[in-house]
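Please look over the sequence and the model before reading on.

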Amino acid sequence: MFWNEKMETLRGKELQELQLKRLKETVARTQNIGFYQKMFAEAGIRPEDIKTLDDLSKIPFTKKADLRGGYPFGFLAVPMSRINRIHTTSGTTGKPTVVAYTKNDLNSWSELIARNLTMVGLREGDMFQNASNYSLFTGGLGFHYGAERIGCAVVPAGVGNTKRQIEMIQDFGVNAIHCTPSYAMHLTEVAEDMHANLDSLRIGVFGAEAWSENMRRDLENRLNIKAYDSYGMSELFGPGVAFECPEQDGLHIWHDCYIVEIIDPKTGEVLPAGEKGEMVVTPLVKEAMPLLRYRTGDITMLMEDDCPCGRGQKIARLFGRSDDMLTVRGINVFPSQIEHVLKNIPEVGDQFMVYIDRVNHLDEMTIDVEINKHLFSGELSDLARLQNKIGKALHETLTLRANVQLVEPGSLPRFEGKAKRVVDRRTI
Amino acid sequence: MTSEYRIKQLSIFAPNTPGTLAEIAKIFLDNEVNISAFCIAEANNFGVVRAVVDKPDAVFAAFEKKNYLLKFTDVVAVKMSDVPGGLYDVASKFGAAGLNIEYAYASRSTTTPTLVVYVSNTNISLEAAVEKILASGLVLVRAAEMRI
Ligand SMILES: [Zn+2]
């Protein structure tokens, strides 16, 4: 079932014509922004030089740091009087990045969320619990208005108070939930402890952090739901940019609203479908904050095969965020790889933590792993074997040796919101 | 009856952090548990505390309540003669009976020295092992006697 069948299945010449028309409009809008005026002048290009979609490659990239430099309103292409809402993205260092929306932007954004939720099977009359941060983070209000748009009854649960969240699912008969995957995991544990009956739940929408196929299987089995991956970023509106369809094999990115390129993060060279690299996105319908060739920092690839659902070309689930990428002894490591390895070992429990230290000028990675309570044999030799097995599996995947520490179930921190499983204690 | 020789050992997961042993000992104290045999096995950064106690079920629950990871392990206790060669006698009889000692530690609970033994259970049941031990001429301590 489609929310907007024409746009969701648009392809070939028709799609390209629409993309080009919208790209030209976007380029024109960017000329109200000092940063882009300067960029075009320095690159020796004029807005009129963008005559075809291929001409996009003449435009330099825009980076996250550029946006930070424009704090707070340096990237607005419209007068403040046309701004209808403001969000910020959590900056890890210094000031956050401000993102702003016109009325049309808010409308376009909730349209995309409506497409996504319809795609995974939500309908008018379903109850949708939005266990997402409702403040400046885009995940809360973004999903809220999208779900309302398709006619869901929205429970704006916000984050925290897990017991209450579970009671609401149970008492209200909630059909779908949106939260981060790590919070979903925590909610599952608490629900199991409470012996809660969550039979009404059919659909889980999880995003804002990378999560593995094993975690999906785990959540689907334990909550008896279908779990879908959601991708987005505040600079591109927020969540809803790309989303899994019921095939659960890659995410549909909305080509009428975003032009996707995959580049080699080092050279900037555009890569063909099937090759992994950093995703660069040019949003096509943003009014308040148009962007050109925005480097997302997310590692993925364009998929080659058509999807049986009839929608357009997909991107693969994220391989990691270049911000999350750790370089340990010169080797690139994504926390999602570690999670994937651990989830494949049944004796391992739900949580892990990664610590990076520098000892005698050498990087040391230590991974604390909770033991699965149900598979504890009481034998030291079994534990030693498990420790070895984890170390070996990690070494195979990461090509890096890690110190594995076994810890008791429940002893590692639980996260509500974005999980912070990596602690880099290196000082340079 | 072979089952009367089945002794319930507590196997408690213990991370190698300062104070862990004191915390474990405190739980024994608070539950007024008498320990008849005890050992700490240590591996890379963690250990397993093994204990034979007089009130295994009550103290098991107390540990669980404090979120400890623990399990009951079936062990046997063999009497040793208090002369040089006592350990050799036990070990050689186990060997001759084809029983593999996974680990063992001494106990002071009975009047004679006693060895608590965990027999590798990969290819033999505890009942069969008990029969073989008794047939070899060794004396096993009954679970009830360990608790005194
Ligand atoms: Zn599809």
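Along the chain, the donors of the zinc ion follow the spacing C-x6-H-x54-C-x1-C. Donors are N, O and S atoms within 2.8 Å of the metal (3.2 Å for Na, K and Ca), and sites may look incomplete since water is not among the atoms. C245(A) lies in the loop between β8 (238–244) and β9 (251–253) of chain A, and C309(A) in the loop between β12 (294–300) and β13 (314–315) of chain A, so this pair ties together parts that are 64 residues apart in sequence. Both C245(A) and C309(A) are buried, where buried means under 20% relative accessible area, exposed over 50% and partly exposed in between (1.4 Å probe, protein chains only).

The coordinating atoms are SG of C245(A), NE2 of H252(A), SG of C307(A) and SG of C309(A), at 2.1 to 2.3 Å. The four donor atoms subtend angles of 96 to 122 degrees around the zinc ion, which makes the arrangement tetrahedral; four donors count as tetrahedral if all angles lie between 85 and 135 degrees. The ideal angle for four tetrahedral donors is 109.5 degrees.

## Basis of the model

This is a predicted model, in which local features need pLDDT of at least 70 and side-chain atom pairs count only at pLDDT 80 or more, while totals for chains, interfaces and linings use all residues. Residues are numbered from 1 along each chain as its sequence is written, chains are lettered from A and ligands numbered from 1 in the order in which they are written, and side-chain values use heavy atoms, with hydrogens and water left out.

P60(A) lies in the loop between α3 (34–43) and α4 (64–69) of chain A. Helices (H or I, at least four residues) and strands (E, at least two) are DSSP runs, numbered from the N terminus. With 29% relative accessibility, P60(A) counts as partly exposed.

Apart from its neighbours within four places in sequence, P60(A) is in contact (heavy atoms within 4.5 Å) with M39(A), A43(A), I45(A), L292(A) and R293(A). The C-alpha atoms of P60(A) and E42(A) are separated by 9.9 Å, and these two residues are 18 residues apart along the chain.

## Chain B

Chain B has five helices and six strands. From the N terminus on, its elements run β-α-β-β-α-β-α-β-β-α-α.

Of the 148 residues in chain B, 46% are buried. Among the contacts in chain B with a separation of 6 or more, 69% are between residues 24 or more positions apart.

Technical notes. Tetrahedral: all angles 85-135°; square planar, octahedral: opposite > 155°, others 65-115°.
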